[in-house]
Amino acid sequence: MSDSNAVGVDPSNVEQLGSWDGDGGAFWAANADRFDTGVARYHGQFLDAAAIGATANVLDIGCGSGQTTRDAARRASAGSALGVDLSSRMIELARRLADEEQVTNATFEQADAQVHPFPDRRFDLAISRNGSMFFGDPLAAFTNIARAVRPGGRLVLLTWQPLRVNEWQRVFRTILAAGRELPVPPPDAPGPFSLSDPDRVRGLLTSAGFAGVELRGLNEPMCVGSDPDDAHQFISGQLAGLLNDLDADTRAGALDTLRASMVDHQTDRGVFYDSAAWLIEARRD
């Protein structure tokens with residue numbers, strides 16, 4: 001079990017620490033390549049929007065296995081990139097990959113960005129690719145991040161648009177619900193869609209000390225596996241919690257339906273589902 005005192009996590013994020021530094025983080029670390037492949041269509045657009053200069057000092061929030069941090073560090077060839085995440089397993093993997101790829105100006109730390117004592121005005125840019133939606137107190141988190149960004153510095157986030165326009169999540173949840181009415185997390189609760197409402201995003205970031213908040217909608221196909229069997233194994237593992245309350249026959253039927261959906265979405269490049277994200281940009285006042 002994770003030690004919240006050792007990590008320095010805010011009480012509102014203890015549950016997130018338990019997941020990301022527990023079985024959830026272990027699954028993400030074991031499937032890091034799959035997650036990077038899944039959002040690959042967004043990755044270049046995200047980095048281009050970040051417009052990372054050669055001397056930039058970059059903070060990467062919720063860096064996971066560190067692909068965004070390493071690529072930011074490559075662009076900031078005379079600067080640096082620091083990646084932070086709650087998952088010790090993913091931080092360990094990120095460090096190992098940076099060593100293997102000889103990205104010497106990328107560093108990683110297990111930390112809760114909501115309360116971590118970053119140096120004031122240290123960073124030219126804060127970025128997060130799908131890692132900023134899980135704070136227990138997002139206003140406190142973005143205020144802390146804003147404190148770490150120099151005046152005139154920038155914030156660039158990639159977050160999901162609402163569930164209804166994200167086929168990959170909507171279809172998987174419907175199938176694995178197997179006729180049940182699954183509760184939809186409140187829009188202000190930590191989770192993949194907590195930053196899906198543009199008005200909420202603008203209000204949070206403005207209140208935290210950012211200005212000029214702009215959201216641009218992106219729509220890209222998301223790869224969930226190389227073939228239906230591969231995709232089925234990955235998604236049924238990722239969303240296994242949705243099956244816990246089902247009896248054996250109903251669970252088997254849901255998994256069969258899931259595999260049939262994978263077959264329907266197979267292409268010659270893999271299994272793809274539609275997705276929709278926000279590219280969010282703001283500047284530090």
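Me: Thanks for sitting down with this predicted model with me. What is the handedness of the crossing of H11 and H12?

Reply: Happy to look at it with you. H11 covers residues 228-238 and H12 covers residues 248-264, and their axes lie 9 Å apart at an angle of about 135°. The crossing these two helices make is right-handed.

Me: Are H11 and H12 roughly parallel, roughly antiparallel, roughly perpendicular or oblique to each other?

Reply: The angle between H11 and H12 is about 135°. Roughly antiparallel would need an angle over 145 degrees, and roughly perpendicular covers 65 to 115. The angle therefore makes H11, relative to H12, oblique.

Me: How many residues in the contact of H11 with H12 are charged?

Reply: H11 brings Pro228, Asp229, Ala231, His232, Ile235 and Ser236 to this contact, while H12 brings Leu255, Leu258, Arg259, Met262 and Val263. Seven of the contact residues are nonpolar and two are polar. The charged residues number two.

Me: H12 also packs with H9. How are H9 and H12 oriented, roughly parallel or roughly antiparallel?

Reply: H9 spans residues 167-177, and its axis is 8 Å from that of H12, at an angle of about 150°. Angles over 145 degrees count as roughly antiparallel. H9 and H12 are therefore roughly antiparallel.

Me: Which residues of H12 meet H9?

Reply: From the H9 side come Val171, Phe172, Ile175 and Leu176. The residues of this contact divide into seven nonpolar, two polar and no charged. On the H12 side, the residues are Ala254, Thr257, Leu258, Ser261 and Met262.

Me: Let's move to H8 and H10. Are H8 and H10 roughly parallel or oblique to each other?

Reply: H8 (residues 138-148) and H10 (residues 198-208) have axes that come within 8 Å and cross at roughly 50°. Roughly parallel would take an angle under 35 degrees. H8 and H10 are therefore oblique.

Me: How many residues in the contact of H8 with H10 are nonpolar?

Reply: Pro138, Leu139, Phe142, Thr143 and Ala146 of H8 touch Arg200, Leu204, Leu205, Ser207 and Ala208 of H10. Two of the contact residues are polar and one is charged. The nonpolar count is seven.

Me: Which helix does the chain pass through as it crosses from E2 to E3?

Reply: E2 (residues 80-85) and E3 (residues 106-110) pair in the parallel sense over five bridges. One of the bridges links Ala81 to its partner Ala106 in E3. The β-α-β crossover from E2 to E3 is right-handed, and the helix on that path, covering residues 88-100, is H7.

Note on methods:
Residues are numbered from 1 along each chain as its sequence is written. This is a predicted model: local features need pLDDT of at least 70, side-chain atom pairs count only at pLDDT 80 or more; totals for chains, interfaces and linings use all residues. Side-chain values use heavy atoms; hydrogens and water are left out. Axes are lines fitted to C-alpha atoms, for helices over the stretch in contact, and angles run from 0 to 180 degrees between N-to-C directions. Helices (H or I, at least four residues) and strands (E, at least two) are DSSP runs, numbered from the N terminus. Contact means heavy atoms within 4.5 Å. Ala, Val, Leu, Ile, Met, Phe, Trp, Tyr, Cys and Pro count as nonpolar, Asp, Glu, Lys and Arg as charged, and the others, Gly among them, as polar. Two strands pair if DSSP finds at least two bridges between them. A crossover is right-handed if, with the strands pointing away from the viewer, the path from the first strand over the helix to the second runs clockwise. A crossing is left-handed if the near helix is turned anticlockwise from the far one by less than a right angle, and right-handed if clockwise.
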